[in-house]
Amino acid sequence: MTEIAFAPTISEQALLQELNHRISNEFQSALSLVSLTAARSRSQKVKDALSGVTVLLHHYAEVHRALQVPHDRDRVDAAEYLRKICLSISRSKLERAQVHLVLAAPPLVLQSAECWLLGLIVYELITNAVRHAFHGRNGEIRVELLRAGAFVHCKVMDNGSAPAHVQRGHGLKIIEELVKALDGRFEQKFGTAGSTSTLVFPTGGQKNGPDKIDRSACEIRHEARPQI
C-alpha cells in the first residue's frame, strides 16, 4: 500500500483542525451579525437583501466543510466525497452563474488523504471553469471518476470556450503541486467547444467494483440547507 507524501502529520492535522475550527467560528459570527442586523432593520428591502447574504454565507460555509480533511476514517468513498463538494460548489457559485454541474462516479474507496487531494483539485478545476469558460453564458460542467486497475482517472469537462493561449495562473500552480503529492499526471485540452482536464494517479487501495463509469450520472440537486 503506497503512502501519500502530502498526508498531514499528526501535528499538521491538529493545526488544520484548529484552523478549520476558527474559520467555522468566523462564519458563525458573520451569520449571527447579519441575522441580527436584519432583525433590527425596519426596511423590508434590507431584510430581503440580508436574507440573501445569509443564504450565501451558509453555502460558503458548506464548501469549507466539504473541503476539510476526512479525519474520521482512514478510507472513504471518493464518489460520496466528491458529491458533497460538487453540491456545495453548485449552491455557492454555479447556480447564480446558471452553470449546471453533473457528477458521474461509481463507488470508489480511497485513502482519506487521496480523497482530500482529489477534492481540492476538482474544486480548483470547477472554479477555474466557472471563471474563464462561460463569459457570462450558461453552460455545463461534468465531473467523471473511475478506477482503471491500479489507477484512478478523473475528468472535469465543460462546454464553454477558453482563450487561444491560456495563461498559467495561481490556481494551476496549486493543482500541479497537488498532483505531485498524488504522484499523478495531469493534462488539459482547450477548444472553442469546451475544455477537458484529466487527472490520473495510482492508488494504494484495493480494487472496488467494476472499472467503468456510471453513465446514468448523478445530477447535483437541491437539498435543505444544513445549519452550521
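**A walk through the predicted chain**

Helix α4 covers residues 112–132, 21 residues in all, and spans 30 Å from its first C-alpha to its last, close to the 30 Å expected at 1.5 Å a residue. That expected span is 1.5 Å times one less than the number of residues. Of the 21 residues in α4, 18 are buried, meaning under 20% relative accessible area with a 1.4 Å probe, protein chains only.

This is a predicted model, in which local features need pLDDT of at least 70, side-chain atom pairs count only at pLDDT 80 or more, and totals for chains, interfaces and linings use all residues. Residues are numbered from 1 along each chain as its sequence is written, and side-chain values use heavy atoms, leaving out hydrogens and water.

The chain holds 5 helices and 8 strands. These are DSSP runs: helices are H or I with at least four residues, strands are E with at least two, numbered from the N terminus. Of the 228 residues, 43% count as buried.

Now take S195, in strand β7 (residues 194–202). S195 is buried, at 10% relative accessible area. Its side chain makes a 2.4 Å polar contact with that of D158. Such a contact pairs N or O atoms within 3.5 Å; within protein, one must be able to donate a hydrogen and the other to accept it, and residues adjacent in sequence count only if both atoms are side-chain atoms.

pLDDT, the predictor's confidence in each residue from 0 to 100, averages 77 over the chain. Strand β5 (residues 151–158) has the highest element mean, 96. Residues 205–228 stay under 50. Where pLDDT is low, predicted coordinates should not be read in detail.

Technical notes: Contact = heavy atoms within 4.5 Å. Buried < 20%, exposed > 50% of the residue type's maximum accessible area, 1.4 Å probe, protein only.
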